[in-house]
Amino acid sequence: GQSGADIAGLRAGRALQIETGGLAPIDAKGKLQASRKETTYGKAPQDAEMRELGLTAIEGEIPDTNEGWGAYYMKRTKANVDASDGTVVFTQKDLPKKVDGGKVTGTQNTIDYANSKADYPDAKVFETDKFTAQHKKELLQWLKRNNIKTLNVAGPRQHVVEAKWIP
């Protein structure tokens with residue numbers, strides 16, 4: 001969605017002068033787009049910022065059905081996980097793992113896909129309302145233990161959570 005944990009991870013990486021990148025959806029004009037125009041914390045990233053953060057477009061036709069969007073986003077999810085050495089997920093406790101109609105959420109799809117890969121560490125999931133010093137310690141230990149060089153950052157869209165950790 002580029003309006004939640006993923007964009008927060010990209011912005012944090014940029015602030016730390018770490019190379020960032022990944023895939024993002026595009027609109028009918030070929031511009032990278034966020035899932036929302038506005039978030040609780042201000043304007044969602046626009047094409048120029050997303051490109052500056054190293055994002056490129058998901059290949060393939062833009063879907064015109066809800067089922068099509070699910071497959072389109074899953075293509076992005078798999079490519080981002082596949083291009084990384086590990087996935088960290090920032091979410092909140094008690095968020096639904098399924099949406100209306102019983103479909104698994106995008107965040108849960110990311111966790112499930114990462115955890116299904118051979119020779120890939122299980123996703124490190126933080127279900128919390130606030131990222132603490134203890135969480136930081138756990139994350140750093142997980143990164144070191146799994147020799148993570150390229151990190152995939154994932155989580156729900158910002159409008160789903162009160163993202164106190166967004167930079």
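The model is predicted, so local features need pLDDT of at least 70 and side-chain atom pairs count only at pLDDT 80 or more, while totals for chains, interfaces and linings use all residues. Residues are numbered from 1 along each chain as its sequence is written, and side-chain values use heavy atoms, with hydrogens and water left out.

**Sheet**

- Helices (H or I, at least four residues) and strands (E, at least two) are DSSP runs, numbered from the N terminus.
- Two strands pair if DSSP finds at least two bridges between them.
- Strand β5 (residues 86–91) pairs with β6 in the parallel sense over 4 bridges.
- β5 and β7 also pair in the parallel sense, over 4 bridges.
- Towards β6, the bridge partner of Val88 is Lys124, and Phe90 stands opposite Phe126.
- Towards β7, Val89 stands opposite Ala154.

**Burial of β5**

- Buried means under 20% relative accessible area, exposed means over 50%, and partly exposed is in between (1.4 Å probe, protein chains only).
- In β5, 6 of the 6 residues are buried, so the strand is largely enclosed by the rest of the structure.
- In a regular strand the side chains alternate between the two faces of the sheet.
- Both faces of β5 are covered, with Gly86, Val88 and Phe90 buried on one side and Thr87, Val89 and Thr91 buried on the other.

**Asn152**

- Asn152 has its place in strand β7 and is buried, with a relative accessible area of 11%.
- The side chains of Asn152 and Thr87 are joined by a polar contact of 3.2 Å.
- A polar contact is a pair of N or O atoms within 3.5 Å; within protein, one must be able to donate a hydrogen and the other to accept it, and residues adjacent in sequence count only if both atoms are side-chain atoms.
- Not counting residues up to four places away in sequence, Asn152 touches Asn80, Val81, Ser84, Gly86, Thr87, Val88 and Thr110, where contact means heavy atoms within 4.5 Å.

**Lys93**

- Lys93 lies in the loop between β5 and α4 (106–116), and is exposed with a relative accessible area of 54%.
- Lys93 and Thr128 are 35 residues apart in sequence and 5.6 Å apart in space, C-alpha to C-alpha.
- Lys93 touches Glu127 and Thr128, not counting residues up to four places away in sequence.

- Gln17 is not a glycine but has a positive phi of about 60 degrees.
- Gln17 is found in the loop between α1 (5–15) and β1 (22–24), and counts as exposed at 77% relative accessibility.
- The buried residues of α1 are Ala5, Asp6, Ile7, Ala8, Leu10, Arg11 and Gly13.
- Asn147, another residue other than glycine, has a positive phi near 50 degrees.
- Asn147 is found in the loop between α5 (133–145) and β7, and counts as partly exposed at 47% relative accessibility.
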